[in-house]
Amino acid sequence: MLACGALVFRRTHPIAVWLAVTVIAGLQIVATDQPSGLILVVLVALYTVAAHTRRALAVWTALASAVFLLSLFAGILHTGWLEPSVFAILAWCGMSAAVGDAARSHREIVQAAEERALRAEHSREEEALRRVAEDRVRIARDLHDVVAHNIAVINVQAGVADHLMTSDPTQAKESLRHVRQASQQVLAEMTTMLGLLRTPADEAARQPVPGLDDIEILVETM
């Protein structure tokens, strides 16, 4: 009961549990002068040590278990060193440690793969955010060029209106009308630019940047 109950804590205290069940198994062999079935409990504790600690520690505990049990078999049970039970103890101790070490290695491999996947996902998110930021900077730069053009139109038309205010009031009014149109367009472009910069990329309304096909409109405006 003590040995099996100790296994409840084998994951949190693997070394202490292994040491306790090994000592209990040895005491039972000494008390009964017979092979103890608690050797199976020792093997479970030995597997846990190998699965949850370092490989070097697992090797040393496996050797210690084998030497301790073989010493009891030879001293108490008077078993010869060439008996099948001796080789069985060696084989079972080695196999328990090997299986535990394989389980630990597999767990570490899976954990490393999950960490790589998380890093890759984080990198993809950072790359996506960087591309969105670059797109917004490019959009802002393009819209800035358009707004700067309209400001130039306003400046030119305002100068014309000032020059013709007394000599040709009709033409001056026409220039002021162009100023009002250009200023309205500037406001619209500024609203669009702020909307693009404040709205998520997948929700923003897209409009092509003026190209060579719009030269006629540019000339007409000037």
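I started at Arg55, which counts as partly exposed at 47% relative accessibility. My cut-offs for that: buried is under 20% relative accessible area, exposed is over 50%, and partly exposed is in between, with a 1.4 Å probe and protein chains only.

Before going on, a reminder to myself: this is a predicted model, so local features need pLDDT of at least 70 and side-chain atom pairs count only at pLDDT 80 or more, while totals for chains, interfaces and linings use all residues. Residues are numbered from 1 along each chain as its sequence is written, and side-chain values use heavy atoms, with hydrogens and water left out.

**Salt bridges**

I searched the whole structure and got seven salt bridges, each a side-chain nitrogen of Lys or Arg within 4 Å of a carboxyl oxygen of Asp or Glu. One of them joins Arg55 to Asp101, with 3.0 Å between the closest N and O atoms. Arg55 sits in helix α4 and Asp101 in helix α5, so this pair ties together parts that are 46 residues apart in sequence. For helices I took DSSP runs of H or I, at least four residues, and for strands runs of E, at least two, numbered from the N terminus.

Is Asp101 buried or exposed? Asp101 counts as buried, because its relative accessibility is 15%. I also listed what touches Asp101, where contact means heavy atoms within 4.5 Å. Leaving out neighbours within four places in sequence, Asp101 is in contact with Ala50 and Arg55.

Next I followed Asp101 to Arg104: they form a salt bridge too, the closest N and O atoms being 2.4 Å apart. Both lie in helix α5, three residues apart, about one turn of the helix. Arg104 is buried, at a relative accessible area of 9%.

Arg104 and Glu108 are four residues apart in helix α5, so about one helical turn separates them. Glu108 is partly exposed, with a relative accessible area of 43%. Put together, Arg55, Asp101, Arg104 and Glu108 are linked in a network of salt bridges.

**Whole chain**

I then zoomed out. The protein chain has seven helices and zero strands. Of its 222 residues, 28% count as buried. Taking contacts between residues at least 6 apart in sequence, 66% join residues at least 24 apart. The chain exposes about 14900 Å², and carbon and sulfur atoms supply 64% of that; accessible areas come from the Shrake-Rupley method with a 1.4 Å probe, and for residues only the protein chains shown count as cover.

I checked confidence as well, using pLDDT, the predictor's confidence in each residue from 0 to 100. The chain averages 81, and 89% of the residues score at least 70. Helix α7 (residues 215–221) is lowest, at a mean of 78, and α3 is highest, at 86.

**Cores**

I looked up nonpolar cores: sets of buried Ala, Val, Leu, Ile, Met, Phe, Trp, Tyr and Cys residues joined through side-chain atoms within 4.5 Å. The largest has 26 residues, and Val17, Val21, Val41, Ala45, Ile89 and Cys93 have the most contacts inside it. At least two residues of this core come from each of α1 (2–6), α2 (14–32), α3 (39–52), α4 (55–75) and α5 (84–164). Which helix gives the most to this core? It is α3, with seven residues.

Not counting residues up to four places away in sequence, Cys93 touches Leu43, Leu46, Ala62, Ser65 and Ala66.

**Surface, and a last stop in α6**

Tyr47, Trp92, Met95 and Val99 make a nonpolar surface patch of about 380 Å². Patch rules: residues have over 30% relative accessible area and no salt bridge, like charges are joined within 9 Å, and nonpolar side chains (Val, Leu, Ile, Met, Phe, Trp, Tyr) within 5 Å. The most comes from α5, with three residues. I placed Tyr47 in helix α3.

My last entry is Ser183, found in helix α6 (residues 169–198). Ser183 is partly exposed, with a relative accessible area of 28%.
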